Structure formats: C-alpha cells, structure tokens
Amino acid sequence: MLQGLDLWKSFNGVTAVRGVYITLYTGINCIKGPNGAGKSTLLRMLSLLERPDRGTIVVFGKRVDADRWAEADRLRGRIAYVPQTSELFAVSVKSLLSMCGDRAKAGKWAAYFGLTRFMDRNAMALSPGIRRRLQLALALACAKEALLLDEPESYLDDEARGLLADALRDVADSLVVGYVSHDEPLVPCRHSYFMSGGTISPTQ
Ligand SMILES: Nc1ncnc2c1ncn2[C@@H]1O[C@H](COP(=O)(O)OP(=O)(O)OP(=O)(O)O)[C@@H](O)[C@H]1O
C-alpha cells in the first residue's frame, strides 16, 4: 500500500497540491482530472521524486515525512515510475535495460514491447513512441512492489496500447499501480480518484 497523507506542494507561489490524502492499493488505482489539476505533481511526490512542502508518504508501512526527506533515498527503489514525457538518458537501450539487475526480466519486457532490434541504439535517438515503449519495459522490469504511470498511453500506437493494457492486467494482482490520465484509462480501475485545483476526491 502506498499512501499520501496531507500532501502539499507549491511552485513559485502557485499551489499545485492542497492537502491531498490518497491510498493506492494492489491493483489499478486511477487518478483522473483536467490539465493543471496537480496529478503529475502528486504522482512525483508519491514516487519520492519530488519533496512535498508538507505531509507524509507511507511506502509499504514506512513513513517518509517532508521534513525528514533523507528517508526517501532508502525507499525510492521500491517504486517504479514512468514520467509524462518520453525523456530518457542518452545511453544505449541495452545499458538502460541492465539498470535493474534482473537481465532476464528486462529482456522479457523489452521483447514484449518489440524493442529487441533497438538494443545497440542510443535511447534518445529513438522516436518518442519507441522511447515510451522502452520506459514501460524498464518500469515493468524494475517494479517489485509499485508502478506509477503518468499518462502511460501517450505517444503509443494502437498495437502498443494493446500491449500495455494486457501487461497491466497481468501485473494488477501483484503490484500497486497508480495510473494518471485525462481520459478513460486503458484498463478498468480498481479504485478511482478525481483531481481538480490541487484537491482530490474518490469517484465510483
Ligand atoms: N516544476 C514545476 N515548476 C513550476 N510549476 C510547476 C511545476 N510542476 C508543476 N507546476 C505547476 O503546478 C500545477 C499543477 O501541474 P501538474 O503538472 O501537476 O498538473 P497535471 O494535472 O498533471 O496537468 P496535466 O494534465 O496538464 O499534465 C500547474 O499550475 C503547473 O504549472
């Protein structure tokens, strides 16, 4: 279980997230809402990649308070994250895929997303859609407990959207999945939240 407790975040005087409480359970947890609602900021905080101004993130029972942020360094590896953009490090695909240690698992997800022929290419020289496939393969290979996805269907063609949907159905029994989107997600949501103006509420 991944929780945010009273999370707040402002940028240059603009409050992006206002006292959000959220619990992500095993399965698909969807966070929907319009542009600028604060979804990406919330997801980055839950991924321990953005320090909240105030509040606590509870990562499988372990608390990370905003004012004791050093603890985040010890827990960040438990959460795989796919950002909204398709940026990656400018190194070869195969070196990226070696990041998580389990080469067999990384190879399996790379093959699943049709990436085998790109292994020696520089990741940043690939098209945004192929980079998105690579980000997803990497995140699925690295994810042991939680997988947080920011508009994961962006850049993908129909084939890749189908692959992603099937993959998410496969891992939904074993991972906490957070899925941020504007529109209907590719897979049914076990829990749904709606965000607007930095606040959040559960939906049906
Ligand atoms: N790094 C940043 N620096 C300055 N402002 C930021 C930063 N990140 C987010 N914001 C601001 O915080 C607010 C919420 O942005 P955020 O990206 O979290 O919303 P969102 O719901 O994900 O939007 P979208 O659906 O357009 O991606 C916006 O006003 C945005 O400009």
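An open sheet of four strands, in the order E2-E1-E4-E5, pairs in the antiparallel sense. Strands here are DSSP runs of E with at least two residues, helices are runs of H or I with at least four, and both are numbered from the N terminus. Two strands pair if DSSP finds at least two bridges between them. This is a predicted model: local features need pLDDT of at least 70, side-chain atom pairs count only at pLDDT 80 or more, and totals for chains, interfaces and linings use all residues. Residues are numbered from 1 along each chain as its sequence is written.

E2 and strand E5 (62–65) are the edge strands, and each pairs on one side only. Neighbouring strands of this sheet are turned by 20 degrees against each other on average, direction ignored. Such angles run from 0 to 180 degrees between N-to-C directions, and axes are lines fitted to C-alpha atoms, for helices over the stretch in contact. Helix H1 (residues 39–46) packs on the sheet and touches E1, E2 and strand E4 (54–59). Its direction makes about 125 degrees with that of E1. Contact requires that the C-beta atoms of two residues, placed from the backbone, lie within 7 Å.

Now the E1–E2 pair. Strand E1 (residues 2–11) and strand E2 (residues 14–24) are antiparallel over eight bridges. Gln-3 stands opposite Thr-23 in E2, and Trp-8 stands opposite Arg-18. Two residues separate the strands of this hairpin, and Asn-12 in the turn has a positive phi of about 45 degrees. Most residues other than glycine have a negative phi.

Phe-60 also has a positive phi, near 45 degrees. It sits in the loop between E4 and E5. Phe-60 is partly exposed because 13 other C-beta atoms lie within 10 Å; a residue is buried with 20 or more such atoms within 10 Å of its own, exposed with 12 or fewer, and partly exposed in between, with C-beta atoms placed from the backbone.

A second open sheet has six strands in the order E6-E7-E8-E3-E9-E10, with mixed pairing. Strand E6 (79–82) and strand E10 (199–203) each have a single partner strand, so one side of each lacks a neighbour in the sheet. E7 runs parallel to strand E8 (residues 176–181), joined by five bridges. In this pair, Ala-146 stands opposite Val-176 in E8. H1 lies across strand E3 (27–32), E7, E8 and strand E9 (191–196), at about 160 degrees to E8.

Glu-151 lies in the loop between strand E7 (146–150) and helix H6 (158–171). Its phi is positive, about 45 degrees. Glu-151 counts as buried because it has 20 C-beta neighbours inside 10 Å.

H1 also takes part in the ligand shell. It gives the largest share, three residues. Of the 14 residues around the ligand, Phe-11, Ala-16, Asn-35, Ser-40 and Thr-41 come nearest; a residue is near if its C-beta atom, placed from the backbone, lies within 6 Å of the molecule or strand. By class, the shell has four nonpolar, nine polar and one charged residues. Ala, Val, Leu, Ile, Met, Phe, Trp, Tyr, Cys and Pro count as nonpolar, Asp, Glu, Lys and Arg as charged, and the others, Gly among them, as polar.

Last, a helix pair. Helix H4 (residues 103–112) and helix H5 (residues 128–142) pack at about 150 degrees, with their axes 8 Å apart. Residues of the contact include Trp-109 of H4 and Leu-140 of H5. The contact has seven nonpolar, no polar and one charged residues.
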